[in-house]
Amino acid sequence: MVESAIVVGLFASGLSLSTPLLFAALGEKLAERAGVLNLGVEGMMLMGAFAGFMGAFISGNIWIGFLFGIVTGASMAAVMGFLNITLRTNQMVAGLAIWLLGLGLSAFLYRLYFGVIAAPPRVEPFQKIDIPVLSSIPGIGQVLFHQDVLVYIALILVPVFYILLYKTKLGLKIRTVGENPKQADTQGVNVFRIRYLAVIIGGA
């Protein structure tokens, strides 16, 4: 009984801790299908995490922090898009630049605001939500249906992104721009606009 509880707790924690990576993977998938290899994902994640934390810490509202993180991720992605799409710099170099920018800037701003402190600051996290009936299923209920709202949002976004990419006209444009931008241009598709859209949504 104890061993099964440990296993369930391990899987539940693993799902929760992997959620930020799932968000990043979905964003990168969208950008990549539009033809932009975004190697700056980690830098965007760091800046988004810092902005989200600061927004929640200062306002006392974690949802405001959540919005700060989205806006900051989208802003970093817009910079990435400017380097890759408008200036047409090497995608690997631009990605590494964004990664280093996020790594250094997030650490610098954190130190600038908090200084050197013994105990790190904290914000109240999202509370776990039980899905009625489903959360009472032995084992899997505690893993999948006793999580915070971000886990549910991430899991819902997986089929949403699939439908967006493979079942909608916008998804067809994104894939065409990524696979054959010249053909997309001849069909009247604004390649720059679609790529910027995909990169910024992915960053958010």
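Predicted model: local features only at pLDDT ≥ 70, side-chain atom pairs only at ≥ 80, totals over all residues.
Analyst: Side-chain values use heavy atoms, without hydrogens or water, and residues are numbered from 1 along each chain as its sequence is written.

User: Which helix gives the most to the lining of the largest pocket?

Analyst: That's H2, with 10 residues. Helices H1 (2–33), H2 (41–59), H3 (62–86), H6 (149–167) and H9 (191–203) each bring at least two; helices here are DSSP runs of H or I, at least four residues.

User: What makes Glu-179 and Arg-33 a salt bridge?

Analyst: The rule asks for a Lys or Arg side-chain nitrogen within 4 Å of an Asp or Glu carboxyl oxygen. Here the closest N and O atoms are 2.8 Å apart, so the pair qualifies. The partners sit 146 residues apart, Glu-179 in helix H7 (169–179) and Arg-33 in helix H1. The structure holds one salt bridge.

User: Why is Arg-33 called buried?

Analyst: Its relative accessible area is 16%, and buried means under 20%, exposed over 50%, partly exposed in between (1.4 Å probe, protein chains only).

User: And Glu-179, buried or exposed?

Analyst: Exposed, because its relative accessibility is 58%. Leu-112, in helix H4 (91–114), is exposed too, at 60%.
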